[in-house]
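Me: I'd like to learn how to read a fold, one feature at a time. Can we walk through one together?

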Amino acid sequence: MTAVSGHVSAAPDTASRSSLPGATPLAGKVAVVTGGAGGIGASIVRTLAAAGCTVVVGYNASGATARALAADLPGQGHRAAPAPVTDSAALAALAADVDEEHGRLDILVNCAGITKFVAHADLDGLDDDLVDRILSVNVRGVIAATRAFRPLLAHGGRGLVVNISSIAGTTAMGSNIAYCASKAAVDNLTKSLARALAPAIRVVSVAPGLVDTEFVKGLDEAWRNRQVELTPLARLADPDDVANAVLAVATLMPFTTGAIIPVDGGRPLA
Ligand SMILES: NC(=O)c1ccc[n+]([C@@H]2O[C@H](COP(=O)([O-])OP(=O)(O)OC[C@H]3O[C@@H](n4cnc5c(N)ncnc54)[C@H](OP(=O)(O)O)[C@@H]3O)[C@@H](O)[C@H]2O)c1
């Protein structure tokens, strides 16, 4: 991932992908990452692959990017596959495909998500179509993907679902009020699903603060710098911070389920 640019005061202190004890703690395991070609998804994909996992890079519109990413990963068996989270039939087909190809699924990362900046007071700017699209992808998509892959995840008795939510779900500060509500719903789903799917499947939210993706780099620089100033750890999150949290949940936290893990540099404390 591209490093945080010069005007950010603190140097990134993210752990490197190879720093976890044991070179390939996820060897022999299989993961599906929805939104796997996106800014955060690609980092999760690379991190899981570096840990020895075979990864299916799920995409919606970014097939070429997903295929290039899968081809560039360390290890064997990675591939890109359509995973449109508003199309339950397509998700079921992918689950059948993963079963046939790999006969297992250990980790599902629900990373697909959409948003658009609309000021919170601008209720007219948040039309029904935008609200429906945000809720369909960010909330219904998590349910649909978990439903589709549940039998495979449960099969080995140690499945894991990681939902990429956002601190917007708890702070109610974010790109628009429907997005904030969608991420609150994701965190709520994490708890319900953790209870309902235990003990065979753990379900955890990883909740980033503002992540320094290409999209965020393109926003107003003064606003972005203000977010850094308001963050006690004095930088934005790097996609690798999020990916390393997913890796930690998958490797070092086997007794954690139904939890919401912030990756936000302490931003809500300011
Ligand atoms: N960036 C941040 O500051 C931040 C902070 C907190 C949480 N998050 C969350 O992190 C996740 C990834 O965000 P990002 O920053 O990496 O954004 P991104 O680069 O725009 O990635 C979004 C991903 O979602 C996928 N997607 C969109 N609609 C889809 C659909 N209908 N079906 C399947 N996939 C779909 C896209 O796939 P295609 O390109 O293939 O269409 C893309 O890979 C999102 O859930 C977001 O809410 C981001």
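Me: Where is Ala-172 found?

Reply: Some ground rules come along with that one. This is a predicted model, where local features need pLDDT of at least 70, side-chain atom pairs count only at pLDDT 80 or more, and totals for chains, interfaces and linings use all residues. Residues are numbered from 1 along each chain as its sequence is written. Helices (H or I, at least four residues) and strands (E, at least two) are DSSP runs, numbered from the N terminus. Ala-172 is found in the loop between helix 5 (168–171) and helix 6.

Me: What is the phi of Ala-172 near?

Reply: Most residues other than glycine have a negative phi, and most peptide bonds are trans. The phi of Ala-172 is near 60°, a positive value in a residue that is not glycine. Ala-234 also has a positive phi, about 60°, and its place is in the loop between helix 8 (221–229) and helix 9 (239–251).

Me: Which residues does a cis peptide bond join?

Reply: Ala-198 and Pro-199, with omega about 0°. Pro-199 lies in the loop between helix 6 and strand 6, and that loop also holds Ala-200.

Me: Why does Ala-200 count as partly exposed?

Reply: You count C-beta atoms, placed from the backbone: 20 or more others within 10 Å of a residue's own means buried, 12 or fewer means exposed, and in between is partly exposed. Ala-200 is partly exposed because it has 13 other C-beta atoms within 10 Å. Contact is a separate test (C-beta atoms, placed from the backbone, within 7 Å). Leaving aside neighbours within four places in sequence, Ala-200 is in contact with Ala-154, Gly-157 and Gly-159.

Me: On to the sheet. What is the order of its strands?

Reply: Strands of a sheet pair through backbone hydrogen bonds, either parallel or antiparallel. Here two strands pair if DSSP finds at least two bridges between them. This open sheet of seven strands has the order 3-2-1-4-5-6-7, with parallel pairing. Its edge strands are strand 3 and strand 7 (260–263), each pairing on one side only. Helix 6 packs on the sheet, touching strand 5 (159–164), strand 6 and strand 7.

Me: How many residues of strand 2 are buried?

Reply: Six of the six in strand 2 (residues 54–59). Thr-54, Val-56 and Gly-58 point one way, while Val-55, Val-57 and Tyr-59 point the other. Four bridges pair strand 2 with strand 1 (residues 30–34) in the parallel sense, and Val-33 stands opposite Val-57. Strand 2 is also joined to strand 3 (residues 79–82) by four bridges, again parallel, with Gly-58 opposite Ala-81.

Me: What kind of unit do strand 1, helix 1 and strand 2 make?

Reply: Point the strands away from you and follow the path from the first strand over the helix to the second: clockwise is right-handed. Strand 1, helix 1 (residues 39–50) and strand 2 make a right-handed β-α-β unit. Strand 2, helix 2 (residues 63–71) and strand 3 make a right-handed β-α-β unit as well.

How values were computed: Two residues are in contact if their C-beta atoms, placed from the backbone, lie within 7 Å. Axes are lines fitted to C-alpha atoms, for helices over the stretch in contact, and angles run from 0 to 180 degrees between N-to-C directions.
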